[in-house]
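Try each task before reading its solution.

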Amino acid sequence: MIGAAVALVVARPGEFLEALLTHVELSAAALAIAIALAVPAGIWLSRRAGATLLAVNGANVAKTVPSLAVLALMLPILGTGFLPAMVALILLALPPILINTITAIVRVDDEVVGAARAMGMTRRQTVRRIELPLAVPVVFAGIRTAAVEVVASATLASFIGGGGLGDFITAGIALSDMPELLVGALPVALLTVATELGFATLQRGLTPRGLRAGA
Amino acid sequence: MGWLAENWDLLLRAAWQHVVLVALSLAVALALALAAGIAVRNRPALSALVSAVSGVLYTIPSLALFAILVPIVGLGAVTAVIGLTIYAFLILTRNVGVGFREVPETVIDAARGMGMGPRRILWTIELPLALPVIVSGLRIASSTTISAATIAAYINAGGLGTIILTGIAQSFIVKIALGALVAALLAISTDLGLARLESRLRLRLAGA
């Protein structure tokens, strides 16, 4: 059956590549916008003690809304297509990035900062050489969670006409066409796994050597 | 809200199907993960490898996982339970592994020195000490499966997803929102219950 799926891709390479490209574009655009919104928002919120707790709890509650529902809710409001799917994916990506940005900033140890100041570092040096390197890996861990979530949920964009590899899965199920089903399912599985591994490698690269596991 | 007044039994039935799908999957996954975790607990390298592989496989989207299962098992609730069980297992196996790995070697040595056999050490020392971490895995597994179970409706397994999917088909926001709301409430209440259990277990360990 996998052979039949491969044959399908070979027979219609344009259609497959277009779906793959839409899937990647949809995910990348949503992730980029979510980062641009959630990182500054997280920094801003982390400076306000009351807002911090409220934001983290709110984001945790928001995470419990099933991704299918978030996509479905766009339909009556924004209609079908690429844009509503992208907006839904942005909403799904916001909570993990927001939570990790806030945690990253709040958790930078006051003692470490105090020690840096005591060693004679200026305020600017402390931010650049201590606070940022310690916070960046934590923020990036949130981005990694969001990236995987977005690439995975982009499969559901097909339900609201957003395109992507999910189109092959919905068509395959509607027509009971198993090879077609696999043309969507297997590449999507590989894509999310590649996203997870790629972002994990990046995250390791961004972590100061002294903080790496096993260092 | 007129729809709700006339169709509350439909929503209730979907919610019940949802609970059954999730509970069944979680129960089977927990049993499998505990068995696997106990089997590899004395091999830290293997246990770490199992955790790492599970973490990667867990990223596969639920719709894709269900789709891969359909040619093998067909459409329906059985396929959904298998898929949800795989998800829950991948999460639980990681936490079971961490839970066992975090039991201090010195405590086990002390128990051995007191003349306890491996079976008694497992039941009276290792499992109780690992339990809070396992319950925290159960929290992640339950919220993940509750969300993934909405997609199970697409492969004819029933549950709250049927309400959401028919809402999409009719472009009817009330149905979509109600399906989402009930699923979210289910996830939040399960998480709160398990969080309470987890903190109670931690307190008991700290006080003992």
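**Exercise 1. Compare the end-to-end reach of helix α7 of chain A with its expected span, then find the residue at its kink.**

Step 1: Helix α7 of chain A covers residues 123-153, 31 residues in total. Helices here are DSSP runs of H or I with at least four residues, strands are runs of E with at least two, and both are numbered from the N terminus.

Step 2: From first C-alpha to last, α7 of chain A reaches 42 Å, close to the 45 Å expected at 1.5 Å a residue; the expected span is 1.5 Å times one less than the number of residues.

Step 3: The kink, about 45 degrees, sits at Leu132(A), shortly before the proline Pro133(A). The bend is the angle between axes fitted to the seven residues ending at a residue and the seven starting there.

A note on the source: this is a predicted model, in which local features need pLDDT of at least 70, side-chain atom pairs count only at pLDDT 80 or more, and totals for chains, interfaces and linings use all residues. Residues are numbered from 1 along each chain as its sequence is written, with chains lettered from A and ligands numbered from 1 in the order in which they are written.

**Exercise 2. Describe the side of chain B that touches chain A.**

Step 1: Count the contacts (C-beta atoms, placed from the backbone, within 7 Å): 30 residues of chain B meet 32 of chain A.

Step 2: At least two residues each come from α3, α6, α7 and α8 of chain B, and α8(B) gives the most, with nine.

Terms used:
Two residues are in contact if their C-beta atoms, placed from the backbone, lie within 7 Å.
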